[in-house]
Amino acid sequence: MPKLKLKAGSRPPWVGLAAAIWVEISAGNGYNFPLYSSALKSVLGLSQQQITILGVANDIGENVGLLPGIACNKFPPWAVLLVGVFACFLGYGVIWLAVSQYINGLPYWVLWIALVVASNSNAWFGTAVLVTNMKNFPLGRGTVSGILKGYVGISAVVYTVLYSSLLEQSASKLLLFLTLGLPVICLAIMYFIRPCTPPSGEDSSVHVHFVFTQAASVLLAIYLLTLTVIYDTVSLSGAVSYLLLAIVFIFLLSPLGIPVKMTLFRANGETLTPLAGSTEHLAQGEGGSTQADPFEYASDVETLLAVGEGAVKKKRRPRRGEDFKFHEAFIKSDFWLLWVVYFLGVGSGVTVLNNLAQIGVAFGVDNTTILLSLFSFCNFVGRPGSGVLSEHFVRTRNIPRTLWMTCALIVMVLAFVLYALALSGTLYVSTALLGVCYGFQYSLMVPTASELFGLKHFGIIYNFMLIGNPVGALLFSGLLARYVYDAEANKQGSSTCLGPECFRLTFLVLAGICGLGTILSIFLTIRYRPVYQMLYSSGSFRLPQASNH
């Protein structure tokens with residue numbers, strides 16, 4: 001990849017982060033499947049099994065992002081975003097034409113492929129902004145990933161509010177918005193998603209700005225949850241609905257207040273200080289690789305003939321904490337151990353998410369919208385929350401982020417046991433706990449992978465980790481949960497299963513899976529502890545002023 005010119009200045013990284021929030025909201029378009037799946041079923045005459053398979057297509061497209069990961073190392077962020085724009089327009093355009101009946105008799109396999117393409121836009125959107133911002137804020141990886149992934153999590157509620165108000169609960173209007181609205185948004189702001197000179201390591205305002213961004217996201221989440229309840233319980237006029245919706249957009253624009261403040265109130269003597277841990281200097285904490293990448297250019301020096309043996313001395317392979325190429329990380333046991341722990345955690349969580357409406361019906365909940373909103377809100381809380389928590393302890397006590405993955409898995413075991421027991425009043429508690437833990441698992445994997453295997457090829461490594469999501473959905477949801485549900489429904493002589501027995505066996509199996517994940521994550525934490533001590537105790541990440549010596 002030709003070397004990208006970094007955008008200088010203290011404001012561009014924050015402008016890019018504010019723009020990335022809108023892209024991440026767009027990258028949550030896969031969460032809309034439950035909103036228009038009923039229209040697919042009724043208009044196109046599809047069976048429930050066909051809808052389930054389309055749901056798997058949605059998960060596959062959303063999480064298989066190897067191509068975006070490779071593209072991030074070869075093309076600038078705007079080019080990666082542009083591919084996502086075309087995928088979004090093409091995929092959702094075909095689905096909209098089918099639901100609106102502008103095209104009749106569309107083959108099922110075409111619909112399946114269109115949904116994969118449409119939801120794959122998420123991978124292109126998310127990879128471009130996440131990789132770029134992780135490099136723009138290398139000293140705040142956990143915080144940045146938590147913020148960005150948090151907005152992806154809360155996007156489900158944003159779309160639900162849009163669907164209930166502006167789009168008048170019309171699946172056709174929703175699909176048209178996804179076809180045209182999201183591409184226009186991304187095209188309008190893609191210029192601001194670009195590599196920048198990271199904020200100075202000595203700038204104390206960085207922490208304040210992160211806190212402001214996090215506070216804005218939390219307030220937005222609370223406001224959206226309140227709106228969901230209001231829309232479900234109160235009939236509002238059009239003017240009031242639009243006013244309430246306008247406040248949502250104000251919250252989404254609020255992170256732009258940071259660069260505006262920096263423009264109006266410039267710090268005295270503002271300078272661009274080289275940052276240890278930045279794109280240029282991060283190598284001191286990731287194996288000493290500089291801009292010239294010594295692992296690539298030192299080979300001529302290191303290739304020596306062994307005296308008297310004619311053997312060749314091979315260049316040193318990267319160690320944990322340094323920049324790995326994908327094929328180098330792929331053969332490491334640590335890579336696969338992290339993948340399995342992530343797969344067990346998010347695979348269990350996505351099973352509940354995909355079946356939450358059926359779970360609510362089985363437990364006698366009349367309106368499952370609040371249940372879905374509760375999971376989405378708690379999923380959001382877990383994402384930035386895990387970033388803040390892990391970032392604090394990794395810097396103050398060198399505690400690996402994987403410890404919090406372990407804690408989340410333990411809580412998930414408890415949540416699944418509560419689900420299986422079906423005690424009165426525990427459904428919402430279990431859903432809330434599982435939502436938070438699902439957010440933890442999803443968000444913690446991002447900085448962990450970057451710390452262990454470096455930022456240089458992070459895009460493809462991160463997207464390979466994400467494959468655990470559709471694999472878990474296929475095995476635990478598509479096979480296990482569906483088999484148990486159908487078996488219990490057949491016993492009741494109906495296509496709809498009622499009662500806790502519909503998912504009890506599934507919950508118990510998932511509790512066992514999370515128990516296995518807990519054991520593996522404990523082992524993972526023990527293995528990674530020396531790496532974190534090396535990275536955060538040696539001064540490479542922790543003491544940015546060291547770069548000035």
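Is Y102 buried or exposed? In this predicted model, Y102 has a relative accessibility of 60%, a value over 50%, and therefore counts as exposed.

Seen as a whole, the protein chain contains 22 helices and zero strands. Of its 549 residues, 56% are buried, and among the contacts with a separation of 6 or more, 83% are accounted for by residues 24 or more positions apart.

Ring pairs link F324, F326, F330, F335, W336, W339, F343, F453, F464 and F476 into a cluster. Rings also meet charges: the charged end of R194 sits over the ring of Y191, at 4.2 Å from the centre of that ring, and R383 lies over the face of Y442, where the distance to the ring centre is 4.3 Å.

The packing of helices can be followed in one example. Two packed helices are described by the angle between their axes and the distance between the axes. For helix α19, which spans residues 427-453, and helix α22, which spans residues 504-537, the angle is about 75° and the axes are 11 Å apart. Because this angle falls in the range of 65 to 115 degrees, α19 is roughly perpendicular to α22. On the side of α19 the contact is made by T448, E451 and L452, while α22 contributes Y528, V531, Y532, L535 and Y536. Sorted by class, the contact of α19 with α22 consists of six nonpolar residues, one polar residue and one charged residue.

Two further helix residues show contrasting surroundings. G360, placed in helix α16 (residues 356-362), has a relative accessible area of 0% and is therefore buried. When residues up to four places away in sequence are not counted, G360 touches V365, T368 and L371. The C-alpha atoms of G360 and Y428 are 9.7 Å apart in space, although the two residues are 68 residues apart in sequence. I250, found in helix α10 (residues 238-253), has a relative accessibility of 56% and so counts as exposed. Between the C-alpha atoms of I250 and L220, which are 30 residues apart along the chain, the separation is 9.4 Å.

The backbone of two loop residues also deserves attention. Most residues other than glycine have a negative phi. E168, although not a glycine, has a positive phi of about 55°, and this residue is found in the loop between α7 (141-164) and α8 (171-189). With a relative accessible area of 52%, E168 is exposed. A422 is likewise a residue other than glycine with a positive phi, here near 55°, and its place is in the loop between α18 (402-421) and α19. A422 has a relative accessibility of 26%, which lies between the limits of 20% and 50%, and therefore counts as partly exposed.

Definitions and conventions:
Residues are numbered from 1 along each chain as its sequence is written. This is a predicted model: local features need pLDDT of at least 70, side-chain atom pairs count only at pLDDT 80 or more; totals for chains, interfaces and linings use all residues. Side-chain values use heavy atoms; hydrogens and water are left out. Buried means under 20% relative accessible area, exposed over 50%, partly exposed in between (1.4 Å probe, protein chains only). Rings of Phe, Tyr and Trp (its six-membered ring) pair if their centres lie within 6.5 Å; planes under 30 degrees apart count as stacked, over 60 as edge-to-face and the rest as tilted. A charge sits over a ring if NZ of Lys or CZ of Arg is within 6 Å of the ring centre and within 35 degrees of the ring normal. Axes are lines fitted to C-alpha atoms, for helices over the stretch in contact, and angles run from 0 to 180 degrees between N-to-C directions. Helices (H or I, at least four residues) and strands (E, at least two) are DSSP runs, numbered from the N terminus. Angles under 35 degrees count as roughly parallel, over 145 as roughly antiparallel, 65 to 115 as roughly perpendicular and the rest as oblique. Contact means heavy atoms within 4.5 Å. Ala, Val, Leu, Ile, Met, Phe, Trp, Tyr, Cys and Pro count as nonpolar, Asp, Glu, Lys and Arg as charged, and the others, Gly among them, as polar.
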